Amino acid sequence: MNIIQMSIQAAFMIAVTSAARQLVKSSIPRFAYCIMWYSVIARLLLPFKIPLASSFYSLFNNPASYSPPSSELSASPRAVVYVGAQQASSVTSASSVIHTIWLTITIVLAVYFIFVYFRFKSKLKPLETCDIGNFEAIRNRLKIKRSVRLCKSESISSPLTYGILRPCIIVPDNFETEDAKSNEYMILHECIHIKHFDAAWKLLAALALCIHWFNPLVWLMLALVNRDIELACDEGVLKAAGHEKRSDYAMSLIKIEETKTNRQNMLYSCFSKNIVEERIGAIMKYRKKGITALIASALLISVNASVFATSPESDLQVNITEVSADSEAADEVFGLIWPAEKCDRITAAYNAENISGRYHLEIDISGDEAAGSEIKAAADGIIIEAEYTVDKGYHIIIDHGNGYKTMYSHCETLYAVKGQRVSQGEVIATVGKTGMATGYHLGFAVIKDGEYIDPMQFYTTAN
């Protein structure tokens with residue numbers, strides 16, 4: 001999967017999670033929202049595809065059922081009118097500029113977050129180790145196995161936590177002189193951050209933002225994930241201390257906010273002033289959740305992930321034991337016919353190298369009568385892939401043997417299935433605009449020994 005695909009799927013998940021926060025609110029445990037955000041972060045960072053029949057994207061561009069192609073097939077001409085050279089060059093140039101802008105902003109954001117984190121960390125020194133607020137008892141009660149330090153610093157006015165493998169809780173220098181019970185609540189809150197690995201998730205959220213900065217919903221996610229992490233910790237405190245302690249804990253939070261001067265940072269965990277009202281409201285409304293709320297949480301999490309983080313399976317896909325093509329399927333000189341008679345214009349050329357690296361590893365071909373027209377196998381072979389992906393839409397890959405493969409993307413209808421042997425000139429699909437496409441065209445690629453090569457080397461062109 002590419003970044004655009006990942007960002008699109010994550011956008012749907014963010015929208016659902018945000019809507020659930022407004023509609024369901026505190027009816028389910030707050031940690032359930034955190035799990036939903038964690039699945040969004042995973043979708044933003046992990047470039048893999050999860051095929052599932054129940055995927056939301058199965059609603060779009062479903063393929064037709066298989067029907068045998070016409071037996072009266074004529075080979076397409078090996079000549080093509082190349083009318084899009086200037087346009088293709090412009091597209092390639094524009095893509096290079098866009099890629100450069102994306103990479104530049106990604107690096108700038110990453111450098112900014114790293115700078116802010118280490119600058120703040122440097123201001124905390126020197127740190128003085130301390131043991132207050134029943135720290136060791138709280139850590140043992142929460143069964144935190146990692147080594148955790150408790151330190152004091154005169155540079156802060158409210159507790160915070162940073163670090164992942166060797167986390168550190170830092171409290172204000174005058175923390176010992178404050179109310180002992182309030183101190184215990186604050187230490188408990190920070191220990192729950194450590195138990196939940198919140199610092200790691202905030203770091204991953206920052207990384208996701210650096211990569212997907214162009215997606216406005218990712219910025220929304222960043223704000224909401226930090227809120228829900230704090231709210232989930234508040235619930236954890238009340239679960240450990242007892243819901244009858246709601247008023248005491250709320251008053252402790254208010255006292256902390258009265259003296260707080262720390263600016264919120266997404267790379268460490270601290271009490272955040274800009275959500276204090278929401279947190280106090282949630283604390284006062286806290287009730288122990290029953291089995292119904294837990295079941296609802298599990299359903300909401302699983303449905304959001306399985307429906308929006310997955311890709312549709314092709315209805316035509318079948319399982320077979322062996323799909324490799326015979327070496328005899330390819331001649332010593334690999335000969336291809338033109339895959340689509342109605343596509344007589346190249347609208348985007350193959351470009352092996354440009355300033356952004358490999359950009360367009362196929363050719364896009366179209367024509368006045370391209371929509372719904374036949375796509376034919378360019379050579380004999382066995383179909384090794386016939387499915388839908390977000391970027392390629394419905395597509396087919398044919399193994400021709402001797403290391404050669406051809407790929408046909410953005411199809412409207414598939415007339416062949418995985419494992420099927422096809423002959424040169426046999427109709428395998430129709431031209432469409434599925435996947436990442438703005439109009440009817442065929443994306444045609446040739447692959448040799450795992451490397452994309454220029455399909456036009458197999459054809460003659462007419463100016």
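Student: What is the relative accessible area of K121?

Tutor: Before the value, a word on what you are looking at. This is a predicted model, in which local features need pLDDT of at least 70 and side-chain atom pairs count only at pLDDT 80 or more, while totals for chains, interfaces and linings use all residues. Residues are numbered from 1 along each chain as its sequence is written, and side-chain values use heavy atoms, with hydrogens and water left out.

K121 has a relative accessible area of 27%, which is why it is called partly exposed. Buried means under 20% relative accessible area, exposed means over 50%, and partly exposed is in between, with a 1.4 Å probe and protein chains only. You can find K121 in helix 3, residues 85-124. Helices are DSSP runs of H or I with at least four residues, strands are runs of E with at least two, and both are numbered from the N terminus. Along the chain K121 is 41 residues from Y162, and their C-alpha atoms are separated by 8.8 Å.

Now step back to the whole chain. The protein chain has ten helices and 17 strands, and 50% of its 463 residues are buried. Take contact to mean heavy atoms within 4.5 Å. Among contacts between residues at least 6 apart in sequence, 72% join residues at least 24 apart.

Let's follow the helices. Helix 2 (residues 30-45) and helix 7 (residues 216-241) pack at an angle of about 145°, and their axes are 8 Å apart. Here axes are lines fitted to C-alpha atoms, for helices over the stretch in contact, and angles run from 0 to 180 degrees between N-to-C directions. Helix 2 and helix 7 make a left-handed crossing. That word applies if the near helix is turned anticlockwise from the far one by less than a right angle; clockwise gives right-handed. Among the residues making this contact are F31, W37 and I41 of helix 2 and M221, L224 and V225 of helix 7. By class, the contact of helix 2 with helix 7 has 15 nonpolar, no polar and three charged residues. Ala, Val, Leu, Ile, Met, Phe, Trp, Tyr, Cys and Pro count as nonpolar, Asp, Glu, Lys and Arg as charged, and the others, Gly among them, as polar.

The crossing of helix 7 and helix 9 is right-handed. Helix 7 brings R227, E230, L231, D234 and L238 to the contact, and helix 9 brings E278, R279, A282 and I283. This contact has four nonpolar, no polar and five charged residues.

Look at helix 9 on its own as well: V276, R279 and I283 are buried there. They lie on the same side of helix 9 because they cover an arc of only 65° around the axis, the arc being that of the directions from the helix axis to the C-beta atoms. An α-helix has 3.6 residues a turn, so residues three or four places apart point the same way.

A nonpolar core is a set of buried Ala, Val, Leu, Ile, Met, Phe, Trp, Tyr and Cys residues joined through side-chain atoms within 4.5 Å. The largest such core has 35 residues, and I396, Y408, I428 and F444 have the most contacts inside it. Strand 12 (404-414) is one of the elements that give two or more residues to this core, and with four residues strand 12 gives the most. Leaving aside neighbours within four places in sequence, the residues in contact with F444 include L336, A378 and Y408. There is also a second, separate core of 34 residues, which includes A205, A208, C210 and V225.

A378 and Q424 are 46 residues apart along the chain, with their C-alpha atoms separated by 5.5 Å.
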